[in-house]
Amino acid sequence: METRRVLIVGGVAGGASCAARLRRLDERCDIIVFERGPYVSFANCGLPYYVGDVIQEEKKLLVATPELFRNRFRIEVRTGHEVTAIDRQAKEIEVRENASGRVYRERYDALVLSPGAAAVRPPLPGIGLDGIFTLRTIPDSRSIREWIEKRRARRAIVVGAGFIGLEMTENLAARGLEVTLLEAAAQVMPLLDREMANPIEHRLRKQGVHLRTGDPVTGFEATDGELAVKTQSRQAFRADMVILSIGVKPETGLARAAGLEIGPSGGIRVDECMRTSDPAIWAVGDAVEVRDFVTGMPCVAPLAGPANRQGRIAADSIAGRPAAFRGVQATAVCGCFGLTIAMTGTTDKRLRACALAAIPTAHLPPQHHAGYYPGAKPIHMKLTFRVPDGRILGAQAVGEEGVERRIDVLSMALQKQATVFDLEEAELCYAPQYGAAKDPVNLAGMVAANAMRGDAPLAEWEEIPVTDAFLLDVRDPHEFAAGAIPRAVNIPLPQLRSRLAELPRDREIWVNCGVGQRSYYAVRLLAQHGFRVRNLPGGLTTFKAFYPEGLPKPPSAEDRLTERREKI
Ligand code: FAD
């Protein structure tokens, strides 16, 4: 019997995982990996840190080499070989060897595509100028390092404030460059809900980054040895180099040309075993369309974890083992000037985009470990959950310490379809320097579960500018004097029982304090005295995240009239 041949296109996250797993399952098949670049299985996630010189030696980025694959796994890796076409009829691929230009064909029984995603380079005027870089490969990061060193670059512009943009901003600043960060959306980290991005913007500015949001780039020019980046607001920002980090696009050229189905989100369509519309071809990683675990909608999720898992699942499927990809939660983390930004599952923003609004959210800024132990740092947390069953739909967190641990726990809870009531009961490790007897994860569950049970209904921060509710602040007078929500009335918690007569019974009372704890006690007190009352979760800390510039002006009577007329 002829030996089964498995060919793999792309030798980094998804492709390399698939190859190695397949060998562990099947000793007999031939496995050949084709990689058009010079390296296989390199750490693309480490590239920003190589640019920043945190990782100083290029070879540290090489997780594995062709020799290792050959010696350890009997897998043949052909670097510098680009797969240029798939002949599905003949079950052959066409390959070009870059060095010699030689073109040849290889037969397959199973083909795996893991070509990744290309950095977006929109066709803007001047996009091809020298000094404008994207970052995907080791040679890209080498070119950026060389440019900084040879040109003695002092100023850089980073376009796009997503994960890679933030990492590059931090790393260029670490090399002493003055960095301007331009973002087309109204906020940095556009995947996060608006209020979660505010602490990041604050940190960037504090670190001397020139940040401009809501101003899309329209083109580039080179003048007097400088690059000028022009924006929609007709400004020109000048620098010695530009990093474009405005997103990635699935590499679907091979798949499209071969007539494989492409999904509505632009990725290669696959089933849960990662098999494409051709039963002899699998696809994994950044190039494929997957199912959003929470909304069920098709999406692309360019993340290393899913790519690795999908590679393993494709290998299982090729080896005849049952395996299924569960969908992506987009669990992700990013560091930026000492802040950790992490998320899992969905956001309010995404739910609204999918027309699935009216989902409650709990905000809270708990300390990352026991407050009495030195060095406790707040984590700004947001938990999104579903009514009526309390199922967790998403979580976002920003802070200096302990952020990723909480999001990892919440990510697993989400994957196991846990509820906010499960979070109340989660048993997590605790000693004062690590956590709290009521861990931030427990507290998030408690805030949400209290709302679900009707014990402490939550008010929405977005409604503060327009609400007719009575705003009650139960902090101490000196705290209130240092800053409060406009229109709020201060009755300190210890005085509340004796001053109930000052509170209205004909409208809702929304209570706030510093972080949401005293307001919760006040809500319970007032509810038992027959008041209609809600908690403003996360207290003044969250208010400041929502309204860093203070409250917007409430709509005038004329604006309200116009709005009503438009509705009619
Ligand atoms: P890739 O790892 O991109 O591999 C695809 C390979 O296929 C490429 O090497 C390409 O040269 C090759 N190829 C393409 N077409 C052909 C062809 N026709 N013939 C031969 N070879 C071909 N994710 C995280 O989860 N966390 C992070 O911190 C993180 N940081 C990142 C930082 C950077 C700078 C970048 C660029 C990405 C980062 N990612 C991160 C994303 C993560 O690296 C990707 O999601 C993951 O590598 C995708 O794996 P893949 O196998 O689909 O594609």
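Biologist: How many aromatic pairs does a search of the whole structure find?

Modeller: The search finds seven aromatic pairs, where rings of Phe, Tyr and Trp (its six-membered ring) pair if their centres lie within 6.5 Å, planes under 30 degrees apart being stacked, over 60 edge-to-face and the rest tilted. This is a predicted model, in which local features need pLDDT of at least 70 and side-chain atom pairs count only at pLDDT 80 or more, while totals for chains, interfaces and linings use all residues. Residues are numbered from 1 along each chain as its sequence is written, and side-chain values use heavy atoms, with hydrogens and water left out.

Biologist: What makes Phe546 count as buried or exposed?

Modeller: Buried means under 20% relative accessible area, exposed over 50% and partly exposed in between (1.4 Å probe, protein chains only); Phe546 has 14% relative accessibility and therefore counts as buried, and Tyr547, at 11%, is buried as well.

Biologist: How do you know that the charged end of Arg145 sits over the ring of Tyr50?

Modeller: The criterion asks for NZ of Lys or CZ of Arg within 6 Å of the ring centre and within 35 degrees of the ring normal; the charged end of Arg145 is 4.2 Å from the centre of the Tyr50 ring, and Arg151 lies over the face of Trp147 at 3.8 Å from the ring centre.
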